[in-house]
Amino acid sequence: MNRETAVAKRYAKALFELAQEKNTVLETEQQLEFVVQAITSNHDLQLLLTTPKIDMEGKMNVLRETFQDQTSDTVLDTVQLLIERGRIQVLNDVLDSYVRIASAAINVADAIVTSAVPLPDAEKESVAATFGKQLNKKIRIKNIVDPSIIGGLQVRIGDRLYDGSLSGKLKQLQKIMK
């Protein structure tokens with residue numbers, strides 16, 4: 001584990017503990033994800049928050065004005081602390097670590113479901129229910145569309161891949177035939 005990952009885990013654990021005390025674990029995750037997305041997708045905001053020539057008070061004012069209505073003080077304080085300590089570059093890692101910690105604590109697993117076409121909500125719920133029973137966890141689905149799988153589904157939960165795609169079956173058949 002590199003130093004940045006260890007630092008990110010410490011911040012994520014502290015944020016999780018605060019969120020757990022306030023009973024806002026999922027809300028905190030969503031807010032942190034929103035902040036990370038907003039900062040990573042806005043080059044000017046990234047530049048402002050990482051440039052040493054801009055005074056800390058100016059950075060904090062922009063941060064508060066930008067996110068105050070959409071996030072809790074806990075999330076804002078965490079991001080502010082990262083900026084003050086020159087560790088804003090680990091913000092994505094903090095989010096990743098927070099999601100892992102929170103998911104384990106509330107017995108939730110994230111599933112990336114790849115399909116050839118977008119899945120309707122009913123089918124997402126069906127996949128979540130099927131894998132939820134199998135793993136004894138609540139499953140959150142993120143659907144990725146990839147026409148190259150031709151048909152069927154690929155479901156990735158953690159480091160496991162359940163491949164029920166047509167392209168996967170064709171690859172297996174091709175291996176058998178060789």
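Which side chain makes a polar contact with the side chain of S165? I have come back to that in point 5, after a walk through the rest of the model.

1. A word on the ground rules. This is a predicted model, in which local features need pLDDT of at least 70 and side-chain atom pairs count only at pLDDT 80 or more, while totals for chains, interfaces and linings use all residues. Residues are numbered from 1 along each chain as its sequence is written, and side-chain values use heavy atoms, with hydrogens and water left out.

2. Let me start with the sheet. It is open and mixed, with four strands in the order β2-β1-β3-β4; strands are DSSP runs of E of at least two residues, helices are runs of H or I of at least four, and both are numbered from the N terminus. Two strands pair if DSSP finds at least two bridges between them. The edges are β2 (138–145) and β4 (160–163), each pairing on one side only. Strand β1 (residues 108–115) runs parallel to β2, and eight bridges join them; A109, for instance, has I139 as its bridge partner in β2.

3. Next, helix α2 (residues 25–41). Its 17 residues reach 24 Å from first C-alpha to last, close to the 24 Å expected at 1.5 Å a residue (the expected span is 1.5 Å times one less than the number of residues). Among its buried residues are L32, V35, V36 and I39, where buried means under 20% relative accessible area, exposed over 50% and partly exposed in between (1.4 Å probe, protein chains only).

4. L32 and I39 turn up again in the largest nonpolar core, of 30 residues, where they are among those with the most contacts inside it, along with V79, L91, V94 and Y98. Such a core is a set of buried Ala, Val, Leu, Ile, Met, Phe, Trp, Tyr and Cys residues joined through side-chain atoms within 4.5 Å. The largest share, seven residues, comes from α1. Apart from this core lies another, of 11 residues, including A109 and L153.

5. Finally, back to S165, in the loop between β4 and α8 (166–177). Its side chain makes a polar contact with that of D163 (2.6 Å); the term covers a pair of N or O atoms within 3.5 Å, where within protein one must be able to donate a hydrogen and the other to accept it, and residues adjacent in sequence count only if both atoms are side-chain atoms. S165 is buried, with a relative accessible area of 0%. Leaving aside neighbours within four places in sequence, S165 is in contact (heavy atoms within 4.5 Å) with I149, G151, G152, L153 and Q154.
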